[in-house]
Amino acid sequence: MATIPRTARLVAVETKLFLREPAAVFFTIMLPVGLLLALGLSIPDFRKPDPLLGGQRPVDAQFPALMVLLSVMMLALSLLPTTLVTYRERGMLRRMSTTPVRPSSLLAAQLVIHVGVAVAATTLTLGLGHLALDMPAPPAFWMFAGVFVLGSTTLFAIGLCLAAVTPNSRVVQGAGAAVLFPLLFLGGMWLPRQVMPEVLRRISDFTPSGAFGQGLTDALAGQAPQPLHLAVLAGWAVVAGLMAARLFRWQ
Amino acid sequence: MAIITVDNLHKTYGTRVAVEDVSFSVEEGEIFGVVGRNGAGKTTTVECVAGLRTPTSGTIRVEADLKQQVGVQLQDCSLPDKIRVGEALSLYASFYSRPADWRALLEETGLDPRTAFAKLSGGQRQRLSIALALVGNPKIAILDELTTGLDPQARRDTWELIERIRDRGVTMILVTHFMEEVERLCDRVAVISAGRVLAVDTPEGLIARAGGEQRLTFRTREPVDGLRALPDVSSVTTSTDGIPAQPGRRGRAATADDAVEVVVIGTGGLLPAVMSVLPASLMSDLHVERTTLDDAFLALTGEPADQPAA
């Protein structure tokens, strides 16, 4: 079957289209990497050991973990749903169903691209952090990779759910922002989790972003992620995945 | 040999009936028109043929692989803003097992392969959309409203493209509400109104059905209601009915002298009959023509073809 080359072709063209959107490249790659480097290099406090982080410097684990979280959340909750809803709105999924290629291939291609960009942004964040800020390489690489895969699955499932329940591209952008910003906050983007009031941190524990952010931080610091956070991520992934599968419309 | 056969197609959306009862067959190599007002059920009918919708009842037989050998151009379908013409064509070509040469198709559309979709004009998008419907080298192409919204030059360019494709032996179903398009391109037409087929015939056949009628156009200030009673008269329309009395003369109906443009369609001695009621001295701009396809459509459906549904 020629299915594999066809899908590869689709991925290649859709990747080009992704890279032609300056905003997409900026928010998912340049912003997280740039923030880490710019703030990490210019603000000395980020390079001082912090007792609240077990004596680690913020740039060792927490800051890069949050930048990975930022990139994945932008991709999963904003860019992917907007692209999919726009494609549906423009009749492209329907148009594709008249060709030998199923519209689900287009969805799969988009997922591959967005996950690929998340991996690339993460690699750049960790790699440049290592070179410029003397960030240690993840001491337990597979643990980090495991948390990354689980958390990304969860966020992309929520993104697909958003694409499934929103009728048009204007609504999906609004809904995406309405989900994205509270989740970024609860993930500790503005107020790190260790200085959050106790009750807020407990709420954050049960959100996908809080659990993912802390899991990534733990894994980058060489500690095992908390079972609670892994369970929270898995739970959200199952619920959102099932909802997306049930509710997604092709036209 | 019929390449497409539609028998008693019926389609409802919830409680709304989109297609009541439609039957027709399309012969291999012909351009088959599906005409009717907006909302008559044309798009639903061809989308059922294309396999995009499932009929509520009735049967559709298509002598071709629906995915590989049927090319479809849909209404309201666009591409990503940033995709370039050449990329779209080569990508869609890669979907098919025996695609057409997309570079040759590109040349026929006259488009620049580097232009992004968002930068194309309406006519250019339409030509790209047709090319995408043909890039799989289909036996059958289904083209829905292919010239709606185009300016006259773009429309003529599109027609020329369709004629070149016809010459390659592609069978085409053309959904349209332009009678000029039907007359120029279609071998046969199905006239659909309120979800039913009123007639399937050649354009000439449809005109003949309208009775080889004559059409009398003139301007007058006199009341014309009396004309309707004449035995040879089949219809009387005036510019005050909101119907353009003659193609090409739109917008000239209302003039300072408040004379009204009148179109009388009828048979036999139409002119002497009308003049027996309305003397020539009370008419101006008088001329007589044979029936057009527009008139035939009007006679069949009781509605002008290019009036949008209310």
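Reader: About how many helical turns separate A:Arg202 and A:Asp205?
Author: In this predicted model, A:Arg202 and A:Asp205 both belong to helix 8 (residues 198-205) of chain A, where helices (H or I, at least four residues) and strands (E, at least two) are DSSP runs numbered from the N terminus. Because the two residues are three apart in that helix, they are separated by about one helical turn.

Reader: How far apart are the closest N and O atoms of A:Arg202 and A:Asp205?
Author: The two residues form a salt bridge, which is a side-chain nitrogen of Lys or Arg within 4 Å of a carboxyl oxygen of Asp or Glu. For A:Arg202 and A:Asp205 the distance between the closest N and O atoms is 3.1 Å.

Reader: Is A:Asp205 buried or exposed?
Author: Buried means under 20% relative accessible area, exposed over 50%, and partly exposed in between, with a 1.4 Å probe and protein chains only. A:Arg202 has a relative accessible area of 43% and is partly exposed. For A:Asp205 the relative accessible area is 5%, so the residue is buried.

Reader: How should I read the numbering, the chain letters and the limits of the model?
Author: Residues are numbered from 1 along each chain as its sequence is written, while chains are lettered from A and ligands numbered from 1 in the order in which they are written. Because this is a predicted model, local features need pLDDT of at least 70 and side-chain atom pairs count only at pLDDT 80 or more, whereas totals for chains, interfaces and linings use all residues, and side-chain values use heavy atoms, with hydrogens and water left out.

Reader: How many residues apart are B:Glu145 and B:Lys42?
Author: The side chains of B:Glu145 and B:Lys42 meet in a salt bridge with an N to O distance of 3.9 Å. This pair links distant parts of the chain, since B:Glu145 sits in the loop between strand 6 (140-144) and helix 6 (152-166) of chain B, and B:Lys42 in helix 1 (residues 42-49) of chain B, at a separation of 103 residues.

Reader: Is B:Asp225 buried or exposed?
Author: B:Asp225 forms a salt bridge with B:Arg228, the closest N and O atoms being 2.9 Å apart. B:Arg228 counts as partly exposed at 43% relative accessibility. At 56% relative accessibility, B:Asp225 counts as exposed.

Reader: Which residues are joined into one network by salt bridges that share partners?
Author: Over all chains the count comes to 22 salt bridges. Those that share partners join into one network A:Lys16, A:Arg20 and B:Glu87.

Reader: How many of the residues of helix 3 of chain B are buried?
Author: The buried residues of this helix include B:Glu87, B:Leu91 and B:Tyr92. Helix 3 of chain B is mostly covered, and the number buried is ten of its ten residues.

Reader: Which residues line the largest pocket closest to its centre?
Author: The largest pocket has a volume of about 690 Å³. Helix 3 of chain A gives the largest share of its lining, eight residues. Of the 28 lining residues, the closest to the centre are A:Glu21, A:Ala24, A:Leu79, A:Thr82 and A:Thr83.

Reader: How many disulfides does the structure hold?
Author: A disulfide is a pair of cysteine sulfur atoms within 2.5 Å. A:Cys161 counts as buried at 10% relative accessibility, and B:Cys48 is buried at 5%. Over all chains, the number of disulfides is zero.

Notes:
On a 1 Å grid over the protein atoms alone, a cavity is a set of points where a 1.4 Å probe fits but cannot get out, and a pocket is an open set with protein on both sides within 12 Å along at least five of seven lines; lining residues have an atom within 4 Å of a point. Grid points are joined across faces, edges and corners, and a volume is the space filled by probe spheres set on the points.
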